[in-house]
Amino acid sequence: MGFLVDASPLDWEDSLEVVKYVRQHGIEQFIRHYRRVEAIEGDMLRWGDELEYGIFKIDEQGHSVRLSLRAPEIMKQLRQREEAAGDSAGQSCAWMPEFGSWMVEGTPGQPYSGFAADLLLVERNMRIRRARLLAALAADEICPTVTVFPLMGVGSCSHPPADPKPGLSESLFVPDEVINPAPRFGALVANIRRRRGSKVDIRMPRFADEKTPAFERHAGCPPPETRAEALQMEEVYMDAMAFGMGCCCLQVTFQTRNVAESRHLFDQLAVLAPVMLALTAATPIARGVLLDTDVRWDIIAQSVDDRTPAERGMDDGAARHPEMAGGGVKRLPKSRYDSISSFICDHLGGKDEQTRTERYNDVDAPIDEEALQTLLDAGVDAVLARHLAHLFTRDPLVVYRERIELDDATETDHFENIQSTNWQTVQLTDYENAAFTTFVVLVSRVILYFNLNLYTPISCVDENMRRAHARDAVRTQRFHFQQRSMPPAAGQSDDGEPEPGPPAGQGGDMDSKRDSRASASCGRTAGVEELSLYEVMVGRGEFKGLVPMVLTYLELIETDSATMSSLSGYLDFIVARASGRLHTPARWMRDFVCSHPDYRQDSVVSERIAADLLAKCHRIGLGVEAAPALLGDVVIPEVRAKDAYAAADMGDSHRLSRISRSIAELMASHQFRYQLQERRTRLQASEADLRKKWEKTRHELEEVEAQIAFLSPK
């Protein structure tokens, strides 16, 4: 959400006089900063996660739940206790404000390092964060890690109660009181609305159940003017930034070794974004209604869409301020928060046709011509220059009165003003969140270590994003994916033998052995096929699967046995999720709603259902209630408020023996293990069916024997 500063944001009308200045100096600030970092080599791997929490006031006996607007107060208390506790055995946490007055963001107090053993600190720190937040709550407050508040915009949805009224968002459903009081957030809400020329218009497809009524206003109808009109819409209509920016999420941030490596990683992880979105789906409800989608991304993109009608392709003939980007009329195909529109890695300077990144950039990505020329004149390569010129087709949304004229050599405010407003879903338990965090970190290492090529055309990435939104996408969708991801003889020397392992004493170091070839294998168009999520994880055909690659990598860097055991558990869990054997949170929540005694098969999530759902999510997150459909046989140790600031045992680790098998053999063995696990699951199901048939046959046989005995001559 960008940086918070102690300054006064300008109203949109006032900022129009300086938006061009800010855009121009944002480019200058980028160029100065880029010059400072472009020659840096050998930065150590540093990474961390950001986890967002919602705080709710609940009456379990009365089956009611509201947003608790105490986040600023709670965050102040958390920061004070953090300062008093200090960093005991690396257990510190950092707490940040988020968009909503019911939201807080927690991160580890210090970034993690490049050793595989650091991956085991993630779940522990997440549990500490949950315990510390729990300790700061009132007796009637809960903090489940759910993506959305199911009743956002339904009735009086906050405590203290407040009603929608004219102000920042002009919403029919949501009061401005839910917005964090920090000036940046309110200015962002108001300025998006004013630049756009209307309220945001969020529409999501409604899940049609057996008794879902017909609606008077069909999909695509004009925006409603009254709440009554909105409730008669076939689509689930939302009209405030809070519906999108109120979504909680899990983010992972990396510091890479150099600029080239960061650009390559940006591209490869962008390809994986739809896969991770589907795998972590957790948003089947919005505004008290079951949706026909499972993920939050479209809600977020629509909630911050500041494009004018002309920029959205609807020429309304209205005059725009000439200082606006593109004059406020240049066609912009996507919202400013959306999937990427171009890859940015400059492979071999574009000299080899087979390694040109631009050949995958096959969607319309408008640019600011003046920004592009400035960047090119400053020596920024064309691939990166076009990416930045595309970002700068947007206007800055929050300009601080006191921060307009800055030193471009030392400040980056104007660049971040554009960059930070162009942007994996939070799970119910710290185990799940840790599993996906560590998986993303490990995949990033695998991408660099094995020099992977995951490129597909941007149009395929966009299509994958659409498919990721589908209900139960894990089981119903297939995704465009590059099967020929490994370069020839990856990880092997000229004689076909494995390359030497890490230097002595560097076992488990994810940072000590990274390929410096800047992934020259990228650029092939052949090999893109449609795979299921299970096949993406475990492999099919030429593609060996992300999880076998991760396990092979962990063996090659000589990960200690304790770390390997824990990480294997995470990876097994992710494979089970990808196979459909374990439910996504979205599927689990949908099943909970549909089986609730208060549900009327009409797509409506009542307050009683929402309260019971959030209470159950909270108990599962604390480890006091099991959820086998979500977690299988994973047991979550109970999180207690009284342990929030207690010392924890770091534990010991044991080293694995040196690996002598080839990379290909390691990958094949890990892939075969998962294939055997899947076969075991099918055989177990078949065995259960045969047992049922055998029991039925035995029962029938007993009945026949009894009848024969009865009819036999005495």
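## How much of the chain is tucked away

Of the chain's 714 residues, 56% count as buried, where buried means under 20% relative accessible area, exposed means over 50%, and partly exposed is in between, using a 1.4 Å probe and protein chains only. This is a predicted model, so local features need pLDDT of at least 70 and side-chain atom pairs count only at pLDDT 80 or more, while totals for chains, interfaces and linings use all residues. Residues are numbered from 1 along each chain as its sequence is written, and side-chain values use heavy atoms, with hydrogens and water left out.

## Helices and strands

The secondary structure comes to 22 helices and 14 strands. Both are DSSP runs numbered from the N terminus: helices are H or I with at least four residues, and strands are E with at least two.

Strand β1 covers residues 46-54, and seven of its nine residues are buried, leaving the strand mostly covered. Strands of a sheet pair through backbone hydrogen bonds, either parallel or antiparallel. Here, two strands pair if DSSP finds at least two bridges between them.

Which strands does β1 pair with? One is β10 (residues 250-255), which runs antiparallel to β1 and is joined to it by six bridges. Look for D49, whose bridge partner in β10 is V252. Another is β5 (residues 103-108), again in the antiparallel sense, over four bridges. There, G54 has M103 as its bridge partner.

Now move on to β4. Four of its five residues are buried, so β4 is largely enclosed by the rest of the structure. It pairs with β5 in the antiparallel sense over five bridges, and C93 has P108 as its bridge partner in β5. A hairpin of five residues joins β4 to β5.

## A four-stranded open sheet

Another piece to trace is an open sheet of four strands, in the order β6-β2-β3-β7, with mixed pairing. Why is one side of β6 and of β7 left without a neighbour in the sheet? Because β6 (141-142) and β7 (158-159) stand at the edges, each with a single partner strand.

Within this sheet, β2 (residues 56-59) and β3 (residues 64-68) run antiparallel and are joined by four bridges. I58 stands opposite V65 in β3.

## Rings that meet

A search of the whole structure finds 17 aromatic pairs. Rings of Phe, Tyr and Trp (its six-membered ring) pair if their centres lie within 6.5 Å; planes under 30 degrees apart count as stacked, over 60 as edge-to-face, and the rest as tilted. One of the pairs is Y53 with W95, which is tilted, at 6.3 Å centre to centre and 45° between the planes. This pair links distant parts of the chain, with Y53 in β1 and W95 in β4 (residues 93-97), 42 residues apart. Y53 counts as buried because its relative accessibility is 0%, and W95 is buried too, at 2%.

Y449 and F450 make an edge-to-face pair, 5.1 Å centre to centre with 80° between the planes. Y449 is buried, with a relative accessible area of 12%, and F450 is buried at 1%. Elsewhere, ring pairs link Y431, F436, Y570 and F573 into a cluster.

The largest cavity holds about 80 Å³ of space. Elements giving two or more residues to its lining are α7 (242-245) and β11 (285-286). On a 1 Å grid over the protein atoms alone, a cavity is a set of points where a 1.4 Å probe fits but cannot get out, and lining residues have an atom within 4 Å of a point. Grid points are joined across faces, edges and corners, and the volume is the space filled by probe spheres set on the points.

Among the lining residues are V148, F149, M152, C247 and R287. By class, the lining has nine nonpolar, one polar and one charged residues. Ala, Val, Leu, Ile, Met, Phe, Trp, Tyr, Cys and Pro count as nonpolar, Asp, Glu, Lys and Arg as charged, and the others, Gly among them, as polar.

Y674 sits in helix α22 (residues 663-711). Y674 is buried, with a relative accessible area of 1%. Its C-alpha atom is separated by 8.0 Å from that of V575, which lies 99 residues away along the chain.

Definitions and conventions: On a 1 Å grid over the protein atoms alone, a cavity is a set of points where a 1.4 Å probe fits but cannot get out, and a pocket is an open set with protein on both sides within 12 Å along at least five of seven lines; lining residues have an atom within 4 Å of a point.
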